[in-house]
Amino acid sequence: MLMRLSHTGAPWLLLIALLISGCSYPQDHLKQDNLTENSPTDPCPGATFEVGLWVQAEGANRTLDSPEAIRALVQRARATGVTDIYAQVYRSGRSWFTTSLADDSPAQRFGQEPLTLLLDLASQGQNHGCPIRIHAWINAYALAKNQDAPIVQELGEEAVLRDRYGRSLLDYPASGAPEWAKGFGPDTRGIFLDPGNPDVRQRIIDVAAHLVSNYPRLAGVHLDYIRYPYGVFISPDSRFSPPLDFGYNEASVSRFEQTSGRTAPRAEAQVTDADVAAWDDWRRAQVT
């Protein structure tokens with residue numbers, strides 16, 4: 001994916017400081033100043049646009065799987081005027097950097113971390129051309145089909161979202177269209193973590209903080225899939241009938257009902273419009 005950003009806008013237009021409410025990780029690890037320390041902060045002199053290139057870790061090209069592919073990426077990016085590379089380094093519970101917080105086997109494939117090599121090559125200036133800023137792109141709550149992700153193994157099945165019928169996404173069919181909710185499926189097939197689980201949120205914070213602390217040349221942390229899945233063709237809301245939405249894990253529902261005094265709109269529950277609105281607001285607050 002290639003996007004041009006007007007250089008008149010703030011360079012942080014697509015960068016997010018990860019601060020999730022209700023979590024206790026020291027905020028100093030996530031200050032924007034830390035994201036820019038020792039990293040290139042401006043495009044080449046005279047550049048009219050900031051040009052961002054999103055690089056997937058997996059897929060048809062698997063760009064981060066070999067030194068040759070990473071070198072070719074940087075060379076092509078410089079030749080085409082790219083100023084910022086958003087490199088997908090955390091996806092489906094796997095990481096392309098060394099960490100105990102994920103399955104980091106992709107980081108060991110060729111004897112050098114893909115992220116470190118990318119930072120080394122992109123930071124070169126002078127005869128190599130202008131430095132390129134590198135942003136760590138992470139998929140926050142989406143695990144694709146990876147039921148064996150370390151976070152699921154460590155936190156258990158309650159780390160994974162359940163629908164309003166109490167069914168876990170671990171039990172969903174590959175089509176994403178369950179028999180118990182005719183005509184509906186999540187907009188993105190696969191396994192999603194529960195943002196209402198404080199331990200899940202803490203893991204995402206820890207991953208971002210690890211990147212910021214250990215890779216000071218990064219220009220930012222780019223968050224993707226930092227949301228709940230929801231029914232196709234409708235906005236994420238509990239009012240539609242029959243709705244198929246998520247977050248109905250027992251612990252999350254209990255936390256909501258204890259703090260709000262309202263009833264979560266699970267299947268067959270007798271609820272008011274005020275209950276539904278409070279539930280939707282509470283879930284939004286889990287990912288803010």
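Predicted model: local features only at pLDDT ≥ 70, side-chain atom pairs only at ≥ 80, totals over all residues.

Guide: First the rule: a salt bridge here is a side-chain nitrogen of Lys or Arg within 4 Å of a carboxyl oxygen of Asp or Glu. Residues are numbered from 1 along each chain as its sequence is written, and side-chain values use heavy atoms, with hydrogens and water left out.

Let's start with aspartate 275, which pairs with arginine 262 at 3.7 Å between the closest N and O atoms. Aspartate 275 is in helix H7 (residues 273-286) and arginine 262 is in the loop between H6 and H7, so this bridge ties together parts 13 residues apart in sequence. Helices (H or I, at least four residues) and strands (E, at least two) are DSSP runs, counted from the N terminus. Aspartate 275 is buried, at 8% relative accessibility, whereas arginine 262 is partly exposed at 34%; buried means under 20% relative accessible area, exposed over 50%, and partly exposed in between (1.4 Å probe, protein chains only).

Next, arginine 203 and glutamate 154 form a salt bridge, with 2.4 Å between the closest N and O atoms. This pair links distant parts of the chain: arginine 203 belongs to helix H5 (residues 198-214), glutamate 154 to helix H4 (residues 150-155), and they are 49 residues apart. Arginine 203 is buried at 10% relative accessible area, while glutamate 154 is partly exposed at 47%.

Then there's arginine 164, whose side chain meets that of aspartate 245 in a salt bridge of 3.9 Å, N to O. Arginine 164 sits in the loop between H4 and strand S7 (191-192), and aspartate 245 in the loop between strand S8 (220-224) and helix H6 (250-260), so parts 81 residues apart in sequence get tied together. Arginine 164 counts as buried at 14% relative accessibility, and aspartate 245 counts as buried at 4%.

While you're looking at the loop between H4 and S7, you'll find serine 168 there too. Setting aside residues up to four places away in sequence, serine 168 touches Val160, Leu161 and Arg162; a contact means heavy atoms within 4.5 Å.

Elsewhere, the bridges join up: Glu58, Arg62, Asp65, Arg91, Arg94 and Arg109 are linked in a network of salt bridges.

Now zoom out for some context. The protein chain has 7 helices and 8 strands, and 49% of its 288 residues count as buried. Take its contacts between residues at least 6 apart in sequence: 72% of them join residues at least 24 apart.
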